[in-house]
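Please take a moment to look over the sequence and the model before reading on.

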Amino acid sequence: MADLILELGIVMILATFFGYIARAFKQPLIPAYILAGIVIGPMLGLVTNSDVITSMSEIGIAFFLFVIGLELTLKKLKDVASVALLGGSIQIVILFFLGLATAFFLGFKSIEMLYVALIVCFSSTMVVVKLLSDKKELDTLHARIIIGILLVEDLFAVFALSIMSIVQDIAPLIFLIAIFKGAIFIIAAMIMILYFFKPLFKYAAKSQELFLLLSLSTCFFFSILALNIGNILTYFLASPNFDPLGLASSPQLLNSIKSGFSIAIGAFIAGAGLANLPYNLEIIGKVKSLKDFFSTIFYVSLGLSIGINFTGSILVPVLVLTLFVILLKPFVIMLMCSIFGYAKKPSFQTAISLTQISEFSLIIVAQGIVLGHIQNDLLVLAIILSVITISLTSYLIKYESWIYNTFFRNFMLFDRLSPAKNLEYFPQKIKSNIVVVGYNRIGYKVVDTLRKMKKKIIVVDFNPETIHSLISQKIPCIYGDISDLEIIERLELKGVNTLISTVSDLTDNILLIKKLKQENKSATAIVTALDIPEALELYENGADYVILPHYIGGEHISLLLVDFSKNIKKLLKTKVAHIEELKHRHNLGHHHHMNKIA
């Protein structure tokens, strides 16, 4: 016990130390945690009992997927449903077969080829959501596309895990048994949550301590149930007195029934079931700290594992598969987003954010070793690949604007592929003198007010669903990325007297201000910033007014307080009007998180 506490203490202290260094130099935290693991394990040998750390990291993955399940709601993704569901599925299939071909040329055996393909075709929900959250971009267009694709990938990964036990001796009946087993587990989980756990949570909500314990117990209960679902079904379907399928006489069928799912799948299903309860946000708040604690251990464990059975023979596969993940994979994703009508920039941001392998990849490989399909060498390969690609992703997302402006801004291939490149409502008779960049949230209210004032406006947005909506309302609009010089030229800024940008990208706003002032020095430039330093920089570059959403929110509340103090009845009227406005905006699919404005 003393050794366990010592080693766990070393892990957390070193992770904190490297985290502080990374933060001091404004670097991502994930590579710092992985580096801490490398120092603790392979370099200094301070931690030798890696099995305990690995077990704790598995709990971290389970907690993370529990939270992902709790946040699983299609309402958030309805404006990107087509690219997420259909595009994400097509992309997974393409990458899977490309992964098979790559594994074949690298000399892997048939069963190993399947595992290599599964390793490279999934991306990490855990890593990407954390990085987007750190950048306050969770509610941008590209983040919604990313999360949608990741949810589809997670579902595919769960399915892959559920049929792994039959992958070597697959037969139609065995495959159907695997599907049946998964369906039984999901249906049983939903019934138990609805009729058993829902009343429990209603009662437990009165006590914060009991509520936390019940949340954790639910996660662990379904994790245990997932591990043992096969044994439970075997008890009912292959008992001495009741064996309708003749399982006792067929060891292959019996083994296919007996195998269970991983704890990660159980945790995910538990979260997805609880997502429909009115307590899902409270549950997320309760388990978030535990999730972050165990997630940190997960990243450290990746570094600890690098030195396990490392041989030079895996260097070539590591190099080739790394290039696959950071070059070929984002190309396929960007291609898919473009075909589904998204502009080059959000397509690029989506693609570059998914340049890593998933935690599911490690779970799949570990399960493959347990089943005897593959050797430990493939797990070492997956761990090293995950360390490299996760670390690279941290920097690719951090410097995505520079990479895009340097290499992709003038790359026209993806523009030509997009069927939405000519999507616009741009009547020749209407000469708009006000340009609004970005329609959702702030832009929606601005456009609504300007239309009531009978102003001639044109809206620029890079969400094709938004443009379709504007066209249906006969609002002049143009589809595209405002950082695209061709789009700026089409706006004919010489005749524009006011430009209002509700997007918060600093580089794009500076470009807009400069182009506007070059064409019309007397024009008014109103732009948006996330914080005070960015606002001051925009003023230095010629902005006439900078919108700081939280600052304006404070001013608005101050005015309301003065108004309400004179007439308290106005508070009720304002409340009713506000509720109606929120319901209307919610029906339009608008979200208002404390993140980047989109």
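Because the model is a predicted one, every value given here is computed from predicted coordinates. The ring of Phe197 lies beside that of Phe196, with 5.1 Å between the ring centres and 85° between the planes, so the two make an edge-to-face pair. Phe196, for its part, has a relative accessibility of 48% and so counts as partly exposed.

Ring pairs join Phe196, Phe197, Phe221 and Phe222 into a cluster, and a search of the whole structure gives 10 aromatic pairs.

From side chains we can turn to the packing of helices. How do the axes of helix 5 and helix 13 cross? Helix 5, which covers residues 110-121, and helix 13, which covers residues 315-339, have axes that come within 10 Å and cross at roughly 45°, and the two helices are therefore oblique to each other. The crossing in which helix 5 passes helix 13 is right-handed. On the side of helix 5 the contact involves Val116, Val120 and Cys121, which meet Leu321, Phe324, Val325 and Lys329 of helix 13. Sorted by class, this contact between helix 5 and helix 13 has 6 nonpolar residues, 1 charged residue and no polar ones.

Helix 13 also packs with helix 14, residues 344-353, and here the axes are 8 Å apart, at an angle of about 145°. This crossing, too, is right-handed, as helix 13 passes helix 14. Helix 13 contributes Pro330, Ile333, Met334, Cys337 and Ser338 to the contact, while helix 14 contributes Lys344, Ser347, Phe348, Thr350 and Ala351. By class, the contact of helix 13 with helix 14 has 6 nonpolar, 3 polar and 1 charged residues.

Helix 19, made up of residues 442-452, can be followed through its buried positions, which are Ile442, Gly443, Tyr444, Val447 and Leu450. After helix 19 comes Lys454, whose phi is positive, near 65°.

A loop gives another view of the chain. Gly45 sits in the loop between helix 2 (29-43) and helix 3 (50-70), and with a relative accessibility of 40% Gly45 counts as partly exposed. Once its neighbours within four places in sequence are set aside, Gly45 is in contact with Val39 and Ile40. Gly45 and Leu304 are 259 residues apart in sequence, yet their C-alpha atoms are 9.2 Å apart in space.

Finally, the whole protein can be considered. Its secondary structure comes to 25 helices and 7 strands, and 51% of its 598 residues count as buried. Among the contacts between residues at least 6 apart in sequence, 76% join residues at least 24 apart.

Conventions. Residues numbered from 1 in each chain as written. Predicted model: local features only at pLDDT ≥ 70, side-chain atom pairs only at ≥ 80, totals over all residues. Heavy atoms only, no water. Axes fitted to C-alpha atoms, helices over the stretch in contact; angles between N-to-C directions. Helix = DSSP H or I, 4+ residues; strand = E, 2+ residues; numbered from the N terminus. Parallel < 35°, antiparallel > 145°, perpendicular 65-115°, else oblique. Left-handed = near helix turned anticlockwise from the far one by under 90°. Contact = heavy atoms within 4.5 Å. Nonpolar A, V, L, I, M, F, W, Y, C, P; charged D, E, K, R; others polar. Phe/Tyr/Trp six-rings, centres within 6.5 Å; stacked < 30°, edge-to-face > 60°. Buried < 20%, exposed > 50% of the residue type's maximum accessible area, 1.4 Å probe, protein only.
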